[in-house]
Amino acid sequence: MEHAISEIVRGRSYRRDLDDLDELCESIQDRGLLAPPSVTEDSVLIAGERRLAAMVRLGYRVTPVWVVHGVSDRLAEVLAIRDEQTLRKALKPIEQAELYEELKQLYAEEAERRDAATRFGSDERTTHLDTGAEDGGADSAPPARGNDGKARVQAAKAVTGRDSRTMLEQVSELKRIAADDDEDPMVRQHAAEALIELNEDGKVNGRHQKVKAAQGRARLTRWAEHPDTPDAVRTAAADELAALGTDLPVAELAKETALAVDRVQKLEAASATERVGWADVDPLMRQKHAVRKLVDLLRREHGWWERFDPAEIGQYADDTQWELITSYLAGATAFITAATTTRDNTAPAGPDDGAEDAREDEAMPGAADEEGASDGSA
């Protein structure tokens, strides 16, 4: 049947790269559309994203389509899109990880529905028993057995055809690290670079281990340098950093770093004391804590001006981004001006100030005598 291209819903696509469409456009022009795109009954595109993009480029307004019946729930729709986008052109690792994360959630939800349907007393279970069915599961999926019942295993096999959940979880973790504002800036940068590189050659494990080692080292460094760290923890973190070899294989380095973090973390938990009210410890504890939080924030972001090219930022930042950058500068300038004024007005007297005042006081009587003597002689 013919369908208006503008009315086809693209929905969720895991493919970011449609690749070169020139040959496909030429084929459609010369030989026509050999395989129409497939859509659901609600006109959601399942198969043929590249063909549809090529037709749009060629100026087509309508296209023949196959309407696939029975693809109504979200899981079936995602699986159908999976079939199209993995069987025809392999997804890149980041795209695979996105598909894996959604399928993992959907499989878990499906397992919960099956469990509820077969739970004692449920209407579905009663109906199922009355019909004499023997598979023991819901109609939408076969019963789960062993490890295949785990959503992660099911999702991984659905994406790559094998139990690749470790690799896909590693890609997902790298994405989380790269997007985490609370993470060390250099670790975030390492994660972002690793994602770019692995998306090209598909090598994940080694890069994941490098980032995890850098993450652990950054955490140890923070323990060793943060002013709020207890002395015992600070010393232990510094010793662990010094003991970490720089020439270890990446797998061993990641393992040793994780063990070091675990040891320091246990020491920190053991040395933690029961918190009491701020005022019971120090009347200025709130203020001191605020200063430490600000200093910690600045320490994590310190040196950002050396990590970015000002020429690139000035040339490529859009208006919204540029406004954010300039407002950051204006706000920081106003903040430091007000803080400097307060600091100057409340600065304690220096060691020489009192001596200078004493010298002035000692000089005063003599000056008065001289003035009086001068008056008398006059």
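**View 1. The lining of the second largest pocket in this predicted model.** Sixteen residues, written 16 in the count, line the second largest pocket, and among them Trp 304, Phe 308, Ile 313, Ile 325 and Tyr 328 lie nearest its centre. The elements that each give two or more residues to this lining are helix 8 (185–201), helix 14 (304–307), helix 15 (310–316) and helix 16 (319–345). Of these, helix 16 provides the largest share, with four residues. By residue type, the lining divides into 10 nonpolar, two polar and four charged residues, and the space that lies in the pocket comes to about 690 Å³.

**View 2. Helix 9 and the elements that cover its buried residues.** Helix 9 comprises the 21 residues 205–225, which at 1.5 Å a residue should span 30 Å, and the distance of 30 Å between its end C-alpha atoms agrees with that expectation. The buried residues of this helix are Arg 207, His 208, Gln 209, Val 211, Ala 213, Gln 215, Gly 216, Ala 218, Leu 220, Trp 223 and Ala 224. Their cover includes helix 7 (165–179), helix 8, helix 10 (231–243) and helix 11 (250–271).

**View 3. Lys 150 in the loop between helix 5 and helix 6.** Lys 150 is found in the loop that lies between helix 5 (123–131) and helix 6 (151–160). Because its relative accessibility is 45%, Lys 150 counts as partly exposed. Although Lys 150 and Ala 108 are 42 residues apart in sequence, their C-alpha atoms are 7.7 Å apart in space.

**View 4. The whole protein, as a setting for the close-up views.** The protein has 17 helices and five strands, and buried residues make up 31% of its 378 residues. Among the contacts between residues at least 6 apart in sequence, 70% join residues that are at least 24 apart.

Key. Residues numbered from 1 in each chain as written. Predicted model: local features only at pLDDT ≥ 70, side-chain atom pairs only at ≥ 80, totals over all residues. Heavy atoms only, no water. Buried < 20%, exposed > 50% of the residue type's maximum accessible area, 1.4 Å probe, protein only. 1 Å grid on protein atoms, 1.4 Å probe; cavity = no way out; pocket = protein on both sides within 12 Å on 5 of 7 lines; lining within 4 Å. Points joined across faces, edges and corners; volume = space filled by probe spheres on them. Nonpolar A, V, L, I, M, F, W, Y, C, P; charged D, E, K, R; others polar. Expected span 1.5 Å × (residues − 1). Contact = heavy atoms within 4.5 Å.
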